[in-house]
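Trainee: I'd like to learn how to read a model like this one. Can we go through it feature by feature?

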There are 2 protein chains.
Amino acid sequence: MQTTAAFRGLSCTACGASADPDEERCPDCGGVLAPEYDADEVASADDARPFPTDAAVSIDEGATPLVAVPTLADELGVASAAVKDEGRNPTGSLADRKLALAVSAAVQQGADRVATPSPGNGAQAAAAYAARADVDSKGFVPSRCPFLNKAMVNVHGGDMYVVEGRYPDAVAAFEGSDEAFTSVAPGHPFRVAGGVALALELLDDRAWTAPDAVVHPTGHGETVVGLERGFALAAATGLVESVPRLYAAQPDASAPIADAVRDGVADPTPVDHPDTIVGPLEIPDPAAGAAAVDALHATDGGAVAVPDEDVLQGAVDGCEMGPEVGATGGTAVAGVRALANRDAFAPDEDVVLVNPVAGSKEADLLRSHLMSQGL
Amino acid sequence: MQTTAAFRGLSCTACGASADPDEERCPDCGGVLAPEYDADEVASADDARPFPTDAAVSIDEGATPLVAVPTLADELGVASAAVKDEGRNPTGSLADRKLALAVSAAVQQGADRVATPSPGNGAQAAAAYAARADVDSKGFVPSRCPFLNKAMVNVHGGDMYVVEGRYPDAVAAFEGSDEAFTSVAPGHPFRVAGGVALALELLDDRAWTAPDAVVHPTGHGETVVGLERGFALAAATGLVESVPRLYAAQPDASAPIADAVRDGVADPTPVDHPDTIVGPLEIPDPAAGAAAVDALHATDGGAVAVPDEDVLQGAVDGCEMGPEVGATGGTAVAGVRALANRDAFAPDEDVVLVNPVAGSKEADLLRSHLMSQGL
């Protein structure tokens, strides 16, 4: 595999063992693998990537803006609040950063077909990057996957299996499939690498001054793991002097990571009956759950679970204050409000919210919420 | 009005008269007004803007990527092809650049309510920027306006009048309204200024080497006017040595500007029965039609009209080759193909396509096209 000077390989988040870059999980213990970089070779955000430009599949993902939201800062009683708007990626979600790298790795391994289970956005991104690389793709999505995602998978020429039921049924179909494909599924080490890149870029946006806290809507937890690694890497390079506390925000009806943090449990317990309006975060058994809990603790951060009602109100309020956020991003708005209510932030602190999905992609959910209020 | 050092005021595209920055149309002749900049004060793309940061309403619009599409370049037989992906703006369309500036001007004039007629995206952008500036907004949209746009206008807290019929009916309702508001309607001089900024940024993306041709899906023609002004400004500053030929691409069932270019007419004749699947471009009587025809001629460019079938195929092919484009952006893909067929490009030329709207925002149209093909 052709990699950058900075990329040193993969290591297991659970047991610390090194692993070859073509492994999907730790061969020793099955743990989530994360990329390792040589801090001496990282002098800019652009250096913290695994593949050189000519070995990477790209549609110019990333380089998203960090948009100041002063109205929210005033409400929270903090020095500043800003939204890292990942909706401004090629297919409108943070999944682009992750699938760009996972598909790049698969193509380098000689894959002619990639596949992933997904609530929707991941399948769309996988189809887009596979098409760009001229390889086939297949998305395993649950029947509740939004029409928009299904449509765009088809438009990119991707195959799709719409599995009756919810996301775990799509995972079961993916895992039970006897078709030939290379997995780019949640928990993939190069998906985690997308989170590392996001962390470095966010610090670069702030001229290498770390915020005090970052609130991230969390499903599988792989981005949380990447963010923590990225912040630690930036500190190791000396580019920043401190790292932010990292908080996972989840809808309370599907909050295995937040529940584990609350209960002091290392490995999240799968949620029996997840039922949230936030489809992308209805992940009852996260692929990187234990690693995410570890990562949150490592930053001295935490997690927060918020009701759907607050999520939707957060989304609508977010749209009025700053960049468009949908229900997924609204989870960060609701989460940051709940955290402020429990005095998680000091008045002189800078807080960043990650918006993982373009508001326009979830317009139907937001409109329904207004309807329910009689608007 | 608080303006930048580079901004010199407005001038009429028809009669050349100067006008105050708070005029919407030329007081002398009713022509479209465009911004004038002092070339000596423009040393970077960022200088070509009318308002300083602290007098501008912004959600960090612009800074969109120029994505290379080598597969398309091969097909067209040109040296390079790239898509300027304006779908990666805050509300997913190029309208953001235009409404950011038009709303900024309105707010500086003391407006507490802005309004525009719109097929959809303009109303969404107006509502977003008005909300960001904490002023009211109203969109006059036709009943065929997509659900997504209507939903997001509401989510931003904007008022909306859904006018029975098509876009001209929405314009009539807007023009006949006796409500108090400040217009940010198509043809507004600071909408044109958004096109100027796009031109400079596009040249900056290419390290100040002009492409040979730019193909732009065109409705009202205001962005075409801005692009021509921007390219001419960049040449006047010495930042580039040449300017690109500019081509307007329109769906053939609603192609007043392309028809005027074909027929050698200076002022486009309104289309009696426009009927295209490309809603954003179903503009039978463009607000900046004559100015756009002038601008196209000034660059030695032209225009092209393409059938809806080719537009939709262009969109789907575009999604497989590079960034997601919808029906609106598919008009550029179909247009550049038609232009290549008539030998508009030399083999050593660089061609840029503008994608005005995120593909995800028009997923339903693309999916329908696949359905019609039995896919």
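Mentor: In helix 12 of chain A, the buried residues are A:Ala363, A:Leu365, A:Leu366, A:Arg367, A:His369 and A:Leu370. Buried means under 20% relative accessible area, exposed over 50%, and partly exposed in between, with a 1.4 Å probe and protein chains only. Helices (H or I, at least four residues) and strands (E, at least two) are DSSP runs numbered from the N terminus.

Trainee: Before going on, what should I know about the model and its numbering?

Mentor: This is a predicted model, where local features need pLDDT of at least 70, side-chain atom pairs count only at pLDDT 80 or more, and totals for chains, interfaces and linings use all residues. Residues are numbered from 1 along each chain as its sequence is written, chains are lettered from A and ligands numbered from 1 in the order in which they are written, and side-chain values use heavy atoms, with hydrogens and water left out.

Trainee: What covers the buried residues of helix 12 of chain A?

Mentor: Contact means heavy atoms within 4.5 Å. The cover includes helix 10 and helix 11 of chain A, together with helix 4 (147-155) of chain B. Just after helix 12, A:Gly374 takes a positive phi of about 80°.

Trainee: And how do I read the interface of chain A and chain B?

Mentor: Begin with buried area: the accessible area (1.4 Å probe) that two parts lose on being put together, summed over both. Here that is about 3100 Å², with carbon and sulfur atoms giving 56%. In chain A, A:Arg88, A:Val155 and A:Glu324 lose the most area to chain B, together 22% of what that side buries. The contact takes 39 residues from chain A and 40 residues from chain B.

Trainee: What about phi angles?

Mentor: Most residues other than glycine have a negative phi. A:Asp343 isn't a glycine, yet has a positive phi of about 55°. A:Asp343 sits in the loop between helix 11 (327-341) and strand 13 (350-355) of chain A, and counts as exposed at 67% relative accessibility. A:Arg342 belongs to the loop between helix 11 and strand 13 too, but is partly exposed at 49%.

Trainee: Which residue of chain B has a positive phi although it is not a glycine?

Mentor: Look at B:Asp134, with a phi of about 65°. B:Asp134 is in the loop between helix 3 (121-132) and strand 7 (136-142) of chain B, and is exposed, with a relative accessible area of 71%.

Trainee: Last one: how do I check a helix's length?

Mentor: The expected span is 1.5 Å times one less than its number of residues. For the 16 residues of helix 7 (residues 222-237) of chain B that should be 22 Å, and the end C-alpha atoms are 23 Å apart, which agrees.
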